[in-house]
Amino acid sequence: MIVCFVEGDELSAQAVGFARALGPVRAVTFAGAYQPAAWAAALAAQEAEAIVAAGSDRGNELLAHVAAVLDQPFAANVVALDGDTVMRVRWGGSLLEEARLHGAPKLLTVAPHTQPAVETGEVEVLDAPDDGSPKALERVEESSGGVSLRDAKVVVSGGRGVGSAEGFGVIEELAGLLGGAVGCSRVVTSAGWRPHTDQVGQTGTKISADLYIACGISGATQHIAGAKGAKKILAINSDPEAPILASADYAVIGDLHEVVPAISAELRRVRG
Ligand SMILES: Cc1cc2nc3c(=O)[nH]c(=O)nc-3n(C[C@H](O)[C@H](O)[C@H](O)COP(=O)(O)OP(=O)(O)OC[C@H]3O[C@@H](n4cnc5c(N)ncnc54)[C@H](O)[C@@H]3O)c2cc1C
């Protein structure tokens with residue numbers, strides 16, 4: 001029997017689809033506040049050939065806890081399983097790795113959007129007694145603007161080239177004119193210029209905007225991992241050799257402190 005943890009979302013429905021290809025599936029969930037250690041202990045106590053979850057933040061965290069409880073290996077972001085051999089996504093989607101998954105039960109999460117979603121069917125609510133371990137009592141969505149980065153149709157992002165927290169004024173202005181959200185690179189969050197919730201990339205948000213405007217961002221693989229879901233990318237960069245140009249549909253080579261305000265001014269002029 002395959003035990004599949006579900007949360008009632010699209011990624012969970014994909015995980016169930018993956019699990020069904022392996023054998024009969026028991027879809028399970030928990031009621032109440034998220035308590036990873038307690039939920040993991042309850043999952044670990046199930047009789048299962050494999051324990052599967054979506055490759056979401058929560059799915060990966062929970063399965064990592066299960067792996068610790070059972071002292072078994074865990075493969076995250078799997079796209080295929082054949083016997084002991086897993087194929088899994090690494091490095092933000094830029095590498096497919098074939099690996100051996102020893103141990104029983106097999107513990108794995110399913111790479112998002114690599115499997116079709118299926119009807120989850122009946123979901124059993126497992127009991128997870130409160131063991132006093134940390135639990136999430138409240139979830140507060142932090143947002144620096146009105147539009148969420150994940151859902152925005154336009155994202156205007158700034159990198160090291162912006163130069164300072166104050167420099168983001170021109171980025172915010174353009175994002176506001178386009179009804180979009182502000183994003184940034186990790187250099188920017190590390191410098192404390194913007195909150196981590198604004199970060200686009202492998203360890204930030206993966207966007208799916210119609211248009212991504214990357215200003216003063218070099219285009220490191222880890223950044224592109226979060227930006228490649230955008231339908232069109234416009235790069236504004238002073239360096240004609242910047243790696244981001246390889247991913248961009250359009251580019252303006254120039255100083256963003258001149259180019260971005262010029263675009264905003266033109267938008268204002270056209271709109272009267
Ligand atoms: C495990 C791991 C995870 C990571 N996760 C992420 C992630 O999620 N997101 C992320 O972004 N990074 C991530 N990184 C960091 C990533 O590798 C890069 O270091 C980072 O993306 C670089 O940020 P940047 O492009 O802003 O800075 P830089 O690479 O320094 O690039 C700055 C760019 O600005 C241009 N520029 C400078 N001045 C101007 C100007 N006045 N006008 C126009 N252009 C100008 C330069 O030509 C250059 O191209 C991760 C790294 C690791 C190791």
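User: In which sense do strand 11 and strand 12 pair, and over how many bridges?

Analyst: First, some ground rules. This is a predicted model, so local features need pLDDT of at least 70 and side-chain atom pairs count only at pLDDT 80 or more, while totals for chains, interfaces and linings use all residues. Residues are numbered from 1 along each chain as its sequence is written. Helices (H or I, at least four residues) and strands (E, at least two) are DSSP runs numbered from the N terminus, and two strands pair if DSSP finds at least two bridges between them. Here, strand 11 (211–215) and strand 12 (232–237) pair in the parallel sense over five bridges. Leu211 has Lys232 as its bridge partner in strand 12.

User: How does the chain get from strand 11 to strand 12, and what is the handedness of the crossover?

Analyst: A crossover is right-handed if, with the strands pointing away from you, the path from the first strand over the helix to the second runs clockwise. This β-α-β crossover goes through helix 6 and is right-handed.

User: What pairs with strand 11 over five bridges besides that, and in which sense?

Analyst: Strand 9 (residues 154–158) does, in the parallel sense. Val154 stands opposite Leu211 there.

User: How many residues of strand 11 are buried?

Analyst: Buried takes 20 or more other C-beta atoms within 10 Å of a residue's own, with C-beta atoms placed from the backbone. In strand 11, four of the five residues pass.

User: And Asp198: buried or exposed?

Analyst: Asp198 is buried, because 26 other C-beta atoms lie within 10 Å. Asp198 is in the loop between helix 5 (186–190) and strand 11.

User: How many residues make up the largest nonpolar core?

Analyst: A nonpolar core is a set of buried Ala, Val, Leu, Ile, Met, Phe, Trp, Tyr and Cys residues joined through C-beta atoms within 7 Å. The largest has 38 residues, and Cys4, Ala15, Val52 and Leu108 have the most contacts inside it. A second, separate core of 37 residues includes Leu174 and Ala214.

User: Which residues come nearest the ligand?

Analyst: A residue is near a molecule if its C-beta atom, placed from the backbone, lies within 6 Å of it. Of the 27 residues around the ligand, Gly159, Gly161, Arg186, Gly201 and Ser218 come nearest. Helix 6 gives the largest share of that shell, three residues.

How values were computed:
Buried ≥ 20, exposed ≤ 12 C-beta atoms within 10 Å, placed from the backbone.
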